[in-house]
Amino acid sequence: ITNADLNAAKHLMVGGVDTLELAKQYQTPLYVYDTGEIRAEIQAFKQVFEANQVNYQISYASKAFATVAMYQLIAQAGIHCDVVSGGELYTAKQAGFPMAHVSFHGNNKSLEELTMALDYGVGCIIVDNFYELGLLRDLAAQREQVTTIMLRVAPGISAHTHEYISTGQEDSKFGFDLNSGQADEAVKQAQAAPFLDLIGIHCHIGSQIFELDGFKMIVDKLVTVFARWRNDLGFYPQVMNVGGGFGVKYTSEDQPLLPTEFVDAIIKETMVQTQAKAVPMLEIWIEPGRSLVATAGMTLYTLGASKDIPGIRKYLAVDGGMGDNIRPALYEAKYEAVLAKDPTLPSKEVVSIAGKYCESGDMLIWDQKLPATQPGDVLAVLDTGAYGYSMASNYNRNPRPAVVFCEDGHSQLVVQRETYTDLTRLDVPLVTKTEVNN
Ligand code: LLP
């Protein structure tokens, strides 16, 4: 939080809008985004590539946060996006996102999803395995539709992150194994398929990565393999897609590099390695998800009940929890919260922020210092913009919160709050035995 985030009344501000006003207007729990910050993050990535004068593409990994308005914002910013399901693809299409700028990921795309992608004319399909390669080869041939693909490889390099979000290691469900000849075989099959146009190789080593080593290792390894393929298979990719995973700062203890520092190092390492191996420079694609949206978003809650266990812990409960942010329960993810009415108030006590869901594990924050609070105060849990709304659930039949975009002093509702009617909309009442017999 900077001074600019505080208005004269010391209320926490988002994109020039008072968070207390937001809570009043749209109710809580509420996801709010500073969309100016998202645009600035995108611009920062672009500048690193431009400064290094390389061919590039930035593809927003929309699993981090996808809504119609978000796809429209990404389209406005002029970058590509990734989708990982028919549902994300459909949402992007509904948003009018240019389909030629969409890449389709996933380790078990169905025939229906692949058909949908070809019908829509997506720009690139990132093929994960031999089963999918076969499906797509046949589908593209049947339709006589030239289809641009990349192959996802598992480089056998693991990033130091939570095991659930680490994906590059050898023992992973994703991608063609690079060490056992699977990736070579996939390249041969793709090249032999008349309607598949193999433009690049993709790999993604994990998420919330703090260290450069993993990225440098994949660049070295990929360029080495590409040089060998150039000799042995007559194939050299145009694109090296290094995925996303650039870590962000959730708490004052986190000290990640800037996302742009990762990318600058990746570009320079690629230059060094391609020169050393006397192979052409590659076009570099990245797929940032978290780093574009995490710190631009926050969740506003209203404080309610509290429980003080003398000498042990004080719990403050909010009107949301694991249904709108599963990350603390699932990954032991850490967040920090401030009081929206005045984040500069001196801290008074150590409290733990509990959700309202019927599980002891439904805790948003353990042991954080906060000023004195009372029921009805608005609490802002910061940096919840990635994998919060997108992983939200209706657990305990709680409606999912609304989403609001803020920029230049204006707010705009981009996802409505679910209602109780929404919760039963798809339910089908029990058919009684007599009705069945009729
Ligand atoms: N590209 C691929 C192929 C991916 O699998 C992912 C994330 C990304 C890009 C974007 O990674 P990012 O820049 O957002 O780190 N739900 C977890 C994160 C799962 C990430 C899965 N893949 C969480 O809440 O931490």
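In the predicted model, helix 5 (residues 111-120) packs against helix 6 (residues 130-143) with an angle of about 45° between them and with their axes 11 Å apart. Helix 5 is therefore oblique to helix 6. The crossing by which helix 5 passes helix 6 is right-handed. On the side of helix 5, the contact is made by L111, L114, T115 and L118, and on the side of helix 6 by L135, L136, L139 and R143. Sorted by class, the residues in the contact of helix 5 with helix 6 are six nonpolar, one polar and one charged.

Helix 5 also packs against helix 4 (residues 86-94): the axes of these two helices come within 10 Å and cross at roughly 20°. At this angle, helix 4 is therefore roughly parallel to helix 5. Helix 4 passes helix 5 in a left-handed crossing, whereas helix 5 passes helix 6 in a right-handed one. G86, L89 and K93 are the residues that helix 4 brings to the contact, and E112, E113, M116, A117 and Y120 are those of helix 5. By class, the contact of helix 4 with helix 5 holds four nonpolar, one polar and three charged residues.

A further helix pair is formed by helix 2 (residues 35-52) and helix 9 (residues 259-276), which pack at an angle of about 25° with their axes 9 Å apart. Helix 2 and helix 9 are therefore roughly parallel to each other, as angles under 35 degrees count as roughly parallel. Their crossing is right-handed. From helix 2, A44, F45, V48 and N52 meet P259, T260, V263, D264 and I267 of helix 9. The contact of helix 2 with helix 9 comprises six nonpolar, two polar and one charged residues.

At the level of domains, the domain assignment of the protein gives domain 1, spanning 3-33 + 294-424, and domain 2, spanning 54-288. The centres of domain 1 and domain 2, taken over C-alpha atoms, are separated by 33 Å. Between the two domains, 17 residues of domain 1 are in contact with 12 residues of domain 2. On the side of domain 1 that touches domain 2, strand 19 (402-407) and strand 20 (410-415) each supply at least two residues. This side of domain 1 consists, by class, of 11 nonpolar, three polar and three charged residues.

The ligand is surrounded by 20 residues, of which S207, G244, G289, R290 and Y387 are the closest. Helix 10 (290-293) and helix 11 (327-331) are the elements that give two or more residues to the shell around the ligand. By class, the shell around the ligand contains seven nonpolar, 10 polar and three charged residues. Both domains take part in the shell around the ligand, with at least three residues drawn from each of domain 1 and domain 2.

Conventions
Residues are numbered from 1 along each chain as its sequence is written. This is a predicted model: local features need pLDDT of at least 70, side-chain atom pairs count only at pLDDT 80 or more; totals for chains, interfaces and linings use all residues. Axes are lines fitted to C-alpha atoms, for helices over the stretch in contact, and angles run from 0 to 180 degrees between N-to-C directions. Helices (H or I, at least four residues) and strands (E, at least two) are DSSP runs, numbered from the N terminus. Angles under 35 degrees count as roughly parallel, over 145 as roughly antiparallel, 65 to 115 as roughly perpendicular and the rest as oblique. A crossing is left-handed if the near helix is turned anticlockwise from the far one by less than a right angle, and right-handed if clockwise. Two residues are in contact if their C-beta atoms, placed from the backbone, lie within 7 Å. Ala, Val, Leu, Ile, Met, Phe, Trp, Tyr, Cys and Pro count as nonpolar, Asp, Glu, Lys and Arg as charged, and the others, Gly among them, as polar. A residue is near a molecule or strand if its C-beta atom, placed from the backbone, lies within 6 Å of it. Domain bounds come from an automatic or database domain assignment.
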